[in-house]
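Let's take a friendly walk through this protein, starting with its charged side chains and then stepping back to the whole chain. Have the structure open as you read.

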Amino acid sequence: MNPVKTVTPSQLSEFLLNVAVVRPVFIWGPPGIGKSSLVTQFAEQLGLPCVSLLGSQLAPEDLIGVPQITDGVSRFCPPSQIARKEPYCLFLDELNACSHEVQKAFYSLIHERRIAEYELPAGSIVIGAGNRAQDSAIVKPMSSALLNRMVHVHLQVSHRDWMAWARVNSLHPHVLTYLELRPDHLWSPPPKHEEPFSTPRSWHMLSDALHQYGDRLRDEDLESLAYGCLSPHHAGQLKAFVKQTRSRFALHSILKGESGWPSDPADRDILYFLAQSFRAQLVKELPADVQSVTAQNRQLAHRAKALLKDLAAISLEMAQLVVAEEDPQRTDGGSGSALPGWLLVEVVRDLPRLVEKRG
């Protein structure tokens, strides 16, 4: 399903509070962005226990139950996990990964809040969730009858929401400081082939492992953990970032003129990280509209051109990456990471050789 409108995690809570209490809701989103934990938190806010069923592991009898004969009449007895006397939140995770037979078993549960003779207690809530076909996850087409029984909402990754949660939950300083600098690395699209990729969940896993190592963390340990949790590009950048924090090079010092670009061939990974961070800083700080440029923006642009010239003298390739029309590492087809057009015009005017080489 292609999203028409998306919500952030903080917006989802309000959406569920107003909709899920009256109608079943289905949450769409890629793996690892927190769908399950958000539903659990929502149930806790309402003071309801949350019962989670994993659609990909269910058989029809896990819902309908098994027949028993009482007074010569067969009756289906739903499992005790579902057949509760007090209201609760029923979370149907990976609902669109279950078989069509299981989907049919959900019809009456979702639409009528009933399974055979058992009815969910008044005040109970039903929420489903699942990945999308483009996420390279296990999904099956959801029948139109099931689709039409729920209100659909699409969840997107929010760097601001996740960082607020990460600080409260004391995630590892390497993770916090890196993602403050590179918010665009919090999530990456699922790859077409089998390899780790970056999600809020995988950053959380990395943080837990880093905490466990503590002061015993060696460079080779960090490398193994990063490449085991994150996309290869993000893992390499994190490794360079940690190496850079342990060295004398820092982007803010370079921007202030307190230090220069690292020129030693042994520091090429640091130079690459700094160049990518430099580009991200320009995208973040400089407005797209020239009419909105302030004196501070103009000062940063002037400094940026001088730094580009210095960077090109060390590595023309790195300077080309900074002024590329789109982020060369962006894989989702988006265009929101482009440098402002007015800055590129000035680069063409003041550094024509750099742009000619790039072309």
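Across the whole structure, a search turns up 13 salt bridges. Keep in mind that this is a predicted model.

Begin with Arg182 and Asp184, whose side chains meet in a salt bridge at 2.7 Å, N to O. Arg182 counts as buried because its relative accessibility is 1%, under the 20% cut-off.

Now look at the salt bridge between Arg218 and Asp221, with 3.0 Å from N to O. Here Arg218 is partly exposed, with 47% relative accessibility, while Asp221 is buried at 8%.

A third pair brings us to a wider arrangement. Arg349 and Asp350 meet in a salt bridge of 2.8 Å, N to O, and both belong to a network of salt bridges that also links Arg298, Lys305 and Glu346. Arg349 is exposed, at 56% relative accessibility, and Asp350 is partly exposed, at 37%.

Val22 sits in the loop between α1 (9-19) and β2 (25-28). Val22 counts as exposed because its relative accessible area is 54%, over the 50% cut-off.

Finally, step back to the whole chain. The protein chain contains 16 helices and ten strands, and 44% of its 359 residues count as buried. Its charged side chains number 36 positive and 39 negative, with the centres of the two sets 4 Å apart.

Definitions and conventions
Residues numbered from 1 in each chain as written. Predicted model: local features only at pLDDT ≥ 70, side-chain atom pairs only at ≥ 80, totals over all residues. Heavy atoms only, no water. Helix = DSSP H or I, 4+ residues; strand = E, 2+ residues; numbered from the N terminus. Buried < 20%, exposed > 50% of the residue type's maximum accessible area, 1.4 Å probe, protein only. Lys, Arg positive; Asp, Glu negative; His and termini not counted. Charge placed at Lys NZ, Arg CZ, Asp CG, Glu CD. Salt bridge = Lys/Arg side-chain N within 4 Å of Asp/Glu carboxyl O.
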